Amino acid sequence: MPLTYAIAEQMLDNGLRVVVSSDRAVPIVAVNLWYDVGSRHEPPGLTGFAHLFEHLMFQGSRNVASGQHFSLLETAGASLNASTFFDRTNYFESLPSGGLDLALWLEADRMGYLLDAVNQENLDNQRDVVKEEKRQSYDNRPYGDSYERLVRLAFPEDHPYAHMTIGSMADLDAASLEDVHAFFRKYYGPNNAVLTIVGDVSEEDAFDAAKRYFGHLPAIPAPPPAPDGTIGPLTEVRRDDVVSDVPSDLVTMMFRLPVDGTPELDAAGLALDILAAGQSGRLNRRLVRDEQIAQSVSGGALPLIGGVSFGTLTGIASDGVDLQKVEDALLEEIEKLALDGVTDEELATVQAQAERDWLEQLATCAGRADEISHHALLFGDANRINTRIDQIQAVTVEQVQEAARTWIRAEGRAQVTYRRSETASTSVPASGGAQE
């Protein structure tokens with residue numbers, strides 16, 4: 001049965017889409033702003049720019065000094081942050097409803113006047129911050145570069161999903177102040193964004209406030225469309241074998257999947273859940289509980305809208321177990337799924353898990369605001385939050401098996417393994433490996 005969260009929408013004269021979901025249950029309001037720019041929009045030579053702006057957006061604007069965005073909102077009782085992804089960038093805060101005007105004013109000031117504060121000193125400072133983030137989260141963290149390696153294997157070099165949101169440090173080093181300003185002017189305008197307001201405010205007051213703070217901002221020229229990333233499933237095995245200082249041997253696999261918003265992607269996601277989600281997943285039962293060859297297994301689908309999505313499966317070997325045993329078991333279960341299909345009970349279990357997760361996400365103002373922005377921006381349909389469970393429940397066992405046969409295939413995968421030096425010396429993969 002569809003959900004019934006109230007949703008009202010207006011578009012301002014400058015093209016800003018405003019979505020309001022009034023909820024007077026608690027005196028909290030969530031403000032959520034999604035820009036239609038992510039790493040897939042970045043042309044060669046300008047990778048990492050969307051993520052760079054995630055940092056620059058908090059460093060001041062025309063009427064806000066550096067550091068004040070956080071301090072003003074936190075003083076008002078807010079929690080706030082931002083994130084960058086392949087398909088979008090979002091900025092968000094939740095705070096007592098009396099702080100709505102403050103949150104909207106701050107978001108509008110940096111949408112309209114950020115470049116007043118982006119000078120060479122500010123750029124250099126945040127460029128160094130991004131480099132440190134790269135070192136801490138990717139380079140010096142066990143398995144931290146696994147996704148970088150996987151997307152390079154899974155996609156052609158010029159594919160929009162072939163690089164991570166952190167981007168190339170060489171590209172950031174080469175970026176001029178004008179390059180950065182030009183990127184902002186191209187993508188960060190009201191007609192390339194969705195503003196969602198959820199919580200303790202009436203629809204009328206929320207729309208009035210959005211017009212008051214954002215209505216005077218000029219529209220930007222229509223941004224160029226993101227490159228088409230349409231591509232089919234992998235048809236071969238591409239692997240990267242790494243010898244590194246990691247705590248345990250690990251194997252992780254990536255599969256191309258159908259584009260988001262399709263029943264085929266829903267089916268593929270449920271197939272991966274049947275394999276890897278929770279204690280009842282096939283991989284956990286066999287590898288962790290029964291055979292005890294893996295410490296843990298995980299996996300799932302990562303929905304994307306640029307012509308293709310991807311999914312992963314990961315296994316961490318138990319101490320003293322040859323990683324090849326874990327890899328072989330993963331591949332056997334993948335093949336069984338495609339060959340034998342799934343039971344009605346298995347499908348019902350993962351559908352129930354998906355429903356529970358979705359209801360938990362929508363239960364908070366912040367979670368609901370994020371999903372409303374998501375579906376309004378990427379699908380043009382904010383009300384999709386109310387029908388999403390029905391779409392998941394409509395998937396059949398036949399669709400799950402067909403998705404597994406087509407997309408989640410042992411012979412069509414990208415794979416990265418990490419082995420410690422002492423285990424690699426006795427179990428060297430046939431293709432050789434990278435030494436780190």
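A pocket here is an open set of points on a 1 Å grid over the protein atoms alone, where a 1.4 Å probe fits, with protein on both sides within 12 Å along at least five of seven lines; lining residues have an atom within 4 Å of a point. Points are joined across faces, edges and corners, and a volume is the space filled by probe spheres set on them. The model is predicted, and totals for linings use all residues. Residues are numbered from 1 along each chain as its sequence is written.

**Stop one.** Start with the second largest pocket, which holds about 540 Å³ of space. Select Thr47, Glu157, His159, Ala162 and His163, the closest to its centre among 27 lining residues. Next, colour helix 5 (146–154) and helix 6 (169–174), the elements that give two or more residues to this lining; helices are DSSP runs of H or I, at least four residues, and strands are runs of E, at least two, numbered from the N terminus. Helix 5 gives the largest share, three residues.

**Stop two.** Now move to the largest pocket, with a volume of about 970 Å³. Ala301, Pro303, Trp358, Arg388 and Ile392 are the closest to its centre, out of 36 lining residues. Finally, colour domain 1 (8–215) and domain 2 (237–420): both give residues to the lining, so the largest pocket lies between them. The domain bounds come from an automatic or database assignment.

Definitions and conventions
This is a predicted model: local features need pLDDT of at least 70, side-chain atom pairs count only at pLDDT 80 or more; totals for chains, interfaces and linings use all residues. Side-chain values use heavy atoms; hydrogens and water are left out.
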